[in-house]
Amino acid sequence: MPSRRPFSRPVSDQRRDPAAEWIAVEDYLDALFVPPDPVLDAARRASAAAGLPDIAVTPSQGQFLQLLARLVGARRILEVGTLGGYSTVWLARALPDDGRLITLDVNATHLEVARENIARAGLTALVEPRLGPALETLPQLTGPFDFIFIDADKANSAAYFSWCLRLSRPGTLIVVDNVIRDGQVADAGTTDPDVLGIRRLNEAVAAEPRVSAVTLQTVGSKGYDGFLLVRVNA
Ligand code: SAH
Ligand code: DHB
Ligand code: MG
């Protein structure tokens, strides 16, 4: 797996640099809790070799998503934003043998890399990638899904949430990635379209009486960011 760890200073020095300390702790926790996995490492390597951006979830975040999918007993999973299929493999491994994961991406190159990574993981029979802008592919889906991961273009997050709600049932868990963005999400004066998209999403979730929601702030090798967790109640 290509190293995203530019730091090799003693921990005492790292404490002066919060980002370095987050990464040292992430490495420590990954070594303890994330089992070594040649298939997932190969997926990251193949994605990098194909020139995909290095923005997949981290190993610990993949483990977190998989744990959540298992907690809700997910048999049908929907993912919006495949990239090279790294998060897809983590999530599909939470499924029973007769489970299904549909993953949406607008980029044919990304989906091609993802198909190879999914095949290497032995998950081709469970995973159905669909090519196209999610606003066009979401209306073609039939629900309900038990677990939904939204991780595509952030500007459309509120629209994706609204579609995903229609594809849910009571008990469905919807998780949205990248909802903190270095804290920019709290800046009411932001003009960043991605951050504005997350703010619109938050307002839509807050105004939605059928859900309970919480955002978890996260730090680590992807900086300061977070996950929004939404449980559909009714
Ligand atoms: N979930 C992946 C990362 C996804 S990165 C992981 O953690 O491993 C975001 C992805 O969203 C990119 O692959 C990008 O092509 C895709 N995307 C961007 N705009 C989109 C759109 N309008 N519809 C569907 N996918 C889109
Ligand atoms: C970006 C997108 C992501 O989904 C992510 O997890 C990190 C960064 C981005 O577009 O910069
Ligand atoms: Mg993301």
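The shell around ligand 2, in this predicted model, comprises 1 nonpolar, 1 polar and 5 charged residues. In this classification Ala, Val, Leu, Ile, Met, Phe, Trp, Tyr, Cys and Pro count as nonpolar, Asp, Glu, Lys and Arg as charged, and the others, Gly among them, as polar. The residues around ligand 2 are Ile55, Asp151, Lys154, Asp177, Asn178, Arg181 and Lys222, a residue being near a molecule if one of its heavy atoms lies within 4 Å of it.

Polar contacts (pairs of N or O atoms within 3.5 Å) were then examined. An N or O atom in the side chain of Asn178 lies 2.7 Å from an oxygen atom of ligand 2. For Lys154, a polar side-chain atom is 3.2 Å from an oxygen atom of ligand 2, and for Asp177 the distance from a side-chain N or O atom to a ligand 2 oxygen atom is 3.2 Å. On its own, ligand 2 has 290 Å² of accessible area (Shrake-Rupley method, 1.4 Å probe), of which the protein covers 68%.

Around ligand 1 there are 21 residues, of which Gly81, Ser87, Asp105, His110 and Asp151 come nearest. By class, this shell holds 11 nonpolar, 6 polar and 4 charged residues. A polar side-chain atom of Asp105 is 2.6 Å from an oxygen atom of ligand 1, while a polar backbone atom of Gly81 lies 2.8 Å from a nitrogen atom of ligand 1. Taken alone, ligand 1 exposes 590 Å², and the protein buries 89% of that.

Residues are numbered from 1 along each chain as its sequence is written, and chains are lettered from A and ligands numbered from 1 in the order in which they are written. Local features need pLDDT of at least 70, side-chain atom pairs count only at pLDDT 80 or more, and totals for chains, interfaces and linings use all residues, while side-chain values use heavy atoms, with hydrogens and water left out.

Definitions and conventions. Polar contact = N/O pair within 3.5 Å; in protein donor to acceptor, adjacent residues only side chain to side chain.
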